[in-house]
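Please open the model in your viewer and keep the selection panel at hand. The stops below say what to select next and what is there.

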Amino acid sequence: MTLSFMRNKVVQVESFSENSLAVSWRLADSLTEAIIQIKVRLPDLEITAAEARMERYPHQECASASGFIQKIVGVRVGPGLRKIVQDLMGGFCGCPELAEGALECCNAVILHFTVPQIKENEKGNEEERRKKYQAMLKFNPRLVRSCVAFADDSPLLQGLNIV
């Protein structure tokens, strides 16, 4: 007997307006077909709108995807996000696929800011690169503690007074 499994996933971040981003996530595999769209307000990275639709799902709890996704409106992308999303949307009575999709949307927001900056910061000497990162963190303080590069003991945070 031959078993087959197919998975296709796409995450896209676009500037929606000067002060917000639109994120779309789509998953299609042999068991699941889901779409999530969220809007994130800048610079505090607060989720201001969220929609979800699941056409195929492996768990019955996922049938109410539009209700689950509304629980993340008002949540900020930053430290503690994984636990917050899992508590709101995952767990025994939740929809784990939808929770993972929401987390991937938030991760895409973080990458939206960090990848271009990382490419730009590769130019110059070490001190110039550190100053560029610090300017990025001042512009968007929600990135602090969002990854190991921006952890409390990171050299990138030395001399910054960001709480």
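With which residue does glutamate 100 form a salt bridge, and how far apart are the closest N and O atoms? Before selecting anything, note that this is a predicted model, in which local features need pLDDT of at least 70 and side-chain atom pairs count only at pLDDT 80 or more, while totals for chains, interfaces and linings use all residues. Residues are numbered from 1 along each chain as its sequence is written, and side-chain values use heavy atoms, with hydrogens and water left out.

Select glutamate 100 together with arginine 82: these two form the salt bridge, with 3.6 Å between the closest N and O atoms, where the term stands for a side-chain nitrogen of Lys or Arg within 4 Å of a carboxyl oxygen of Asp or Glu. Glutamate 100 belongs to helix α3 (residues 96–121) and arginine 82 to helix α2 (residues 81–89), so the pair ties together parts that are 18 residues apart in sequence; helices here are DSSP runs of H or I with at least four residues, numbered from the N terminus. Glutamate 100 is partly exposed at 34% relative accessibility, on a scale where buried means under 20% relative accessible area, exposed over 50%, and partly exposed in between (1.4 Å probe, protein chains only).

Move on to glutamate 55 and arginine 53, a salt bridge whose closest N and O atoms are 2.7 Å apart. Glutamate 55 is partly exposed with a relative accessible area of 48%, and arginine 53 is partly exposed with 46%.

Finally, select helix α4 (residues 126–139), whose 14 residues should span 20 Å at 1.5 Å a residue, in agreement with end C-alpha atoms that are 20 Å apart; the expected span is 1.5 Å times one less than the number of residues. Colour Tyr133, Gln134, Met136 and Leu137, the buried residues of α4: they cover an arc of only 155° around the axis, which puts them on the same side of α4, the arc being that of the directions from the helix axis to the C-beta atoms. Turn to the other side of α4, where Lys131, Lys138 and Phe139 are exposed.

Key:
Helix = DSSP H or I, 4+ residues; strand = E, 2+ residues; numbered from the N terminus.
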